[in-house]
Amino acid sequence: MQLLSDIVRDTDENFGLGNRATVLVSEAAKCLFDSRRGGLKGFLERLESEGLSSDVANWRNTAQEIRFPEGLWVDQVLGIETITQIGRDLGMANARVRTALAYVIPHLIRYFSAGSTLPDQLPSAVQDYLAAARPEHLAPRSRGVTQAKRPKKRSKGGDFELGKL
């Protein structure tokens, strides 16, 4: 689990996600193993069909440093609806979610393909680890700063508003 902890920590450090890093890594792992899309094997096949075969080979080769492809490959592989939902859940803009997922997914692929065979489903030990590390409450989405309404000023001489003479 140390490598998984490292992925969460690095994701937080690189993207300033705080307690959202674990949730983002968890959501990315769920996407990799989505049974409706063929699980991890189906995910890798989708990556290859999008022209990322050499990248997938790089991600699975622990002797090489991970390369990160350019472009909107995350949109093409996961779909904008998935990215939007993850962003909504985390209170993050789609662009930030997309960039973070483009970092996390290659690391998770390396993590899950380290054994002799690809797992068919998200290993229960990983599910337990991510569930235990998942924060109970996420920090609320920033709503920006609003200017407080000023109370009406009254003069000493009466009940009329200043500037309304």
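Let's start at Gly42, a residue of helix α3, which spans residues 39–49. Helices here are DSSP runs of H or I with at least four residues, strands are runs of E with at least two, and both are numbered from the N terminus. Gly42 counts as buried because its relative accessibility is 9%, where buried means under 20% relative accessible area, exposed over 50% and partly exposed in between, with a 1.4 Å probe and protein chains only. Its C-alpha atom is 8.5 Å from that of Leu32, ten residues away along the chain.

A word on what you are looking at: this is a predicted model, in which local features need pLDDT of at least 70 and side-chain atom pairs count only at pLDDT 80 or more, while totals for chains, interfaces and linings use all residues. Residues are numbered from 1 along each chain as its sequence is written, and side-chain values use heavy atoms, with hydrogens and water left out.

Now step back to the whole chain. It has eight helices and zero strands, so its pattern along the sequence reads α-α-α-α-α-α-α-α. Of its 165 residues, 39% count as buried. Among contacts (heavy atoms within 4.5 Å) with a separation of 6 or more, 67% join residues 24 or more positions apart. The chain exposes about 10,200 Å², and carbon and sulfur atoms supply 49% of that area, which comes from the Shrake-Rupley method with a 1.4 Å probe; for residues, only the protein chains shown count as cover.

Next, the aromatic rings. The whole structure holds five aromatic pairs. Rings of Phe, Tyr and Trp (its six-membered ring) pair if their centres lie within 6.5 Å; planes under 30 degrees apart count as stacked, over 60 as edge-to-face and the rest as tilted. Phe15 and Tyr103 make an edge-to-face pair, 5.5 Å centre to centre with 65° between the planes. This pair links distant parts of the chain, with Phe15 in helix α1 (residues 2–15) and Tyr103 in helix α7 (residues 94–112), 88 residues apart. Both Phe15 and Tyr103 are buried. Tyr103 also pairs with Phe68: the ring centres are 5.6 Å apart and the planes at 20°, so this pair is stacked. Phe68 lies in the loop between α4 (53–60) and α5 (73–78), so its pairing with Tyr103 in helix α7 ties together parts 35 residues apart in sequence. Phe68 is partly exposed, at a relative accessible area of 38%, whereas Tyr103 is buried at 15%. Phe15, Phe68 and Tyr103 form one aromatic cluster.

Let's move on to Leu118, in the loop between α7 and α8 (124–133). At 23% relative accessibility, Leu118 counts as partly exposed. Leaving aside neighbours within four places in sequence, Leu118 is in contact with Leu40, Leu44, Arg60, Phe112 and Ser113. The C-alpha atoms of Leu118 and Leu40 are 7.3 Å apart, although 78 residues separate them along the chain.

Finally, where is the empty space? Rolling a probe the size of a water molecule over the atoms shows where it is left. The largest pocket holds about 180 Å³. A pocket, on a 1 Å grid over the protein atoms alone, is an open set of points where a 1.4 Å probe fits, with protein on both sides within 12 Å along at least five of seven lines; lining residues have an atom within 4 Å of a point. Elements giving two or more residues to this lining are α2 (20–32) and α6 (80–90), and the largest share, four residues, comes from α6.

Methods:
Points joined across faces, edges and corners; volume = space filled by probe spheres on them.
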